[in-house]
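Hi there,

Here is the model I promised to pass on.

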Amino acid sequence: MFGRRKIAAATLVMAFATSLSRVAGLVRDVVVARLFGAGFVTDAFFMAFTIPNLLRRFFGEGSLTAAFVPTFSEVFHRRGEEEAQRLANRCITLLLLVMLLVVSVGVVCSPWIVQGIGYGFGEVAGKLRLTDQLNRVMFPYIGLVSILALLTGILNVRGHFFLPSLSPLFLNLSMILSALTLGTLFDQPIFALAIGVLLGGVVQLLLQVPVLFRYRIRLRLDFSFRHDENLHRVMTLMLPGIAGVAIYQINVIVTRLLASFLPEGSVSYLYYGQRLFEFPQGIFIVSLAQAALPLMSQQVAEDDIDGMRQSLRFALSLITIFTLPAIVGLMLCATPIYSLFFLGGEFDQAALQNTAMALICYAPGLLFVGYSRIAAQTFYALKDTRTPVWVSLWTLLVNLVLGLVLMQSFQHLGLAVALTLASFFNACLLLWLLRGRVGSLLSNSLWRPLLKVVPACLLMAAVVHSILATTDWQQGSDIWLRGSVLFAAVAAGVIVFVAACLLLRVDEFGRGLQLLKNRKAASKS
């Protein structure tokens with residue numbers, strides 16, 4: 001029980017910190033949109049920022065943390081603090097050497113890297129050159145954030161979660177402040193945003209230092225890592241994670257590469273649309289997937305396949321219940337949200353329309369991303385890390401083919417639809433393959449809540465649409481009026497959906513709320 005309470009408390013802490021970071025990220029995107037719009041300079045910035053984000057996932061947040069934490073935790077709890085300290089020293093030494101090489105190669109080879117991912121920019125004078133310059137400025141961020149990921153893993157094992165989880169907030173704040181204050185120092189003000197990324201990486205790293213001292217963690221260089229078995233285990237565990245992340249990030253690069261051949265602003269429209277799409281994804285899907293994995297892993301260890309199947313069905317039901325209204329909300333509120341927060345300054349009516357339509361095309365994919373995430377976690381619980389990688393590879397090919405076909409007629413919207421259809425393919429293939437491992441997933445427990453939630457969503461949609469229709473969102477009218485109408489629509493939609501679920505007796509909805517209450521109670525006790 002103590003372990004469960006500890007996990008619940010840590011989950012709530014990270015959820016709170018993540019929510020703050022997400023809100024700051026939305027503010028950052030609003031600032032960028034209003035200052036720089038959606039066009040030449042933002043296309044160049046978002047394309048350049050793709051590369052640090054790509055390698056950050058390779059070496060940092062995802063694969064490194066997932067590989068390092070289990071090994072470091074085992075060494076710390078079984079062999080003591082001194083042996084764990086030695087492993088941490090060797091890991092950070094090797095990571096520093098690798099990052100020094102990666103950053104050096106990245107800066108030197110930047111022109112060729114940029115041309116490879118943004119080839120279509122060559123048709124616009126100066127666009128590739130600006131992308132290259134921004135990439136060179138931001139490339140060292142890869143090293144900073146990779147070291148941060150290692151420090152985060154160390155602190156998480158020692159029981160400290162809040163400050164590491166809050167670190168993305170400071171990146172967003174740094175970018176916001178830099179964009180607002182440093183723009184006049186450059187001939188091209190967008191460089192202030194790139195400087196903000198670099199400063200944000202430094203601030204994120206420095207903030208961990210006092211916490212490290214509090215836990216008496218003194219990291220030093222240790223080059224005697226050649227024959228360290230624990231370090232070899234970390235590197236071996238990283239390989240499947242890097243492969244999976246690589247395919248996902250290549251998918252993102254493919255989409256932006258194709259968008260570089262489209263009219264100016266297309267990369268920016270897709271970026272702004274995807275950012276808002278990721279908001280509910282981070283709150284609902286990631287949290288549920290992280291909560292499901294430990295339980296299903298335990299059931300597999302106990303050879304309770306039937307129990308795991310029930311957990312899987314319940315997780316899929318929750319995904320359905322909580323993402324369907326989110327999809328409807330995103331589609332209905334796309335234009336109002338961008339009108340309220342983004343419209344103004346350099347972000348004009350055309351940008352508003354194109355970005356809102358991109359979000360509408362992305363939104364249905366939220367359900368399939370949720371199914372895919374839960375299915376992948378189930379494979380991990382079964383100790384199968386290869387199948388999700390192979391499925392991701394096929395999904396990449398589907399996205400590429402569909403993108404090439406659909407962009408011909410629908411331009412950037414075709415790329416958004418292609419990604420949604422690729423997500424549908426990914427979810428269907430994973431669930432079909434999973435059926436061969438755990439048996440049939442389709443049952444009354446899965447279909448019954450779906451049949452009840454759809455009417456609740458339709459009722460919610462009717463109420464939200466009627467409220468939003470009272471305002472012309474294409475015009476930059478009174479911001480307080482638009483804000484009040486949007487707030488009223490969202491609040492009414494939530495109330496109507498919750499009431500409908502309770503009246504229709506959607507059991508999984510009630511159980512989901514009860515789980516949330518239990519977590520809050522556990523965190524207080």
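Helix α6 passes helix α9 in a right-handed crossing, that is, with the near helix turned clockwise from the far one by less than a right angle. The contact (heavy atoms within 4.5 Å) brings together L130, Q133, L134, V137 and M138 of α6 with I190, F191, A194, I195, V197 and L198 of α9. Sorted by class, these are ten nonpolar residues, one polar and no charged; Ala, Val, Leu, Ile, Met, Phe, Trp, Tyr, Cys and Pro count as nonpolar, Asp, Glu, Lys and Arg as charged, and the others, Gly among them, as polar. The packing angle between α6 (residues 127-138) and α9 (residues 190-207) is about 25°, with the axes 8 Å apart. The two helices are therefore roughly parallel (angles under 35 degrees; over 145 is roughly antiparallel, 65 to 115 roughly perpendicular and the rest oblique). Axes are lines fitted to C-alpha atoms over the stretch in contact, and angles run from 0 to 180 degrees between N-to-C directions.

A word on the source: this is a predicted model, in which local features need pLDDT of at least 70 and side-chain atom pairs count only at pLDDT 80 or more, while totals for chains, interfaces and linings use all residues. Residues are numbered from 1 along each chain as its sequence is written, and side-chain values use heavy atoms, leaving out hydrogens and water.

Now the other neighbour of interest. The axes of α8 (residues 162-181) and α9 cross at roughly 150° and come within 7 Å, which means that α8 is roughly antiparallel to α9. On the α8 side, the contact includes L163, F170 and L171, and on the α9 side its members include A192, L193 and G196. In total this contact has 13 nonpolar, seven polar and no charged residues. α8 also passes α9 in a right-handed crossing.

As for α9 itself, its 18 residues reach 26 Å from first to last C-alpha, close to the 26 Å expected at 1.5 Å a residue (1.5 Å times one less than the number of residues). Among its buried residues are I190, F191, G200 and L205; buried means under 20% relative accessible area, exposed over 50% and partly exposed in between, with a 1.4 Å probe and protein chains only.

S260 counts as buried because its relative accessibility is 4%.

Overall, the protein chain has 19 helices and zero strands, these being DSSP runs (H or I, at least four residues; E, at least two) numbered from the N terminus. Buried residues make up 52% of its 525 residues.

Best wishes
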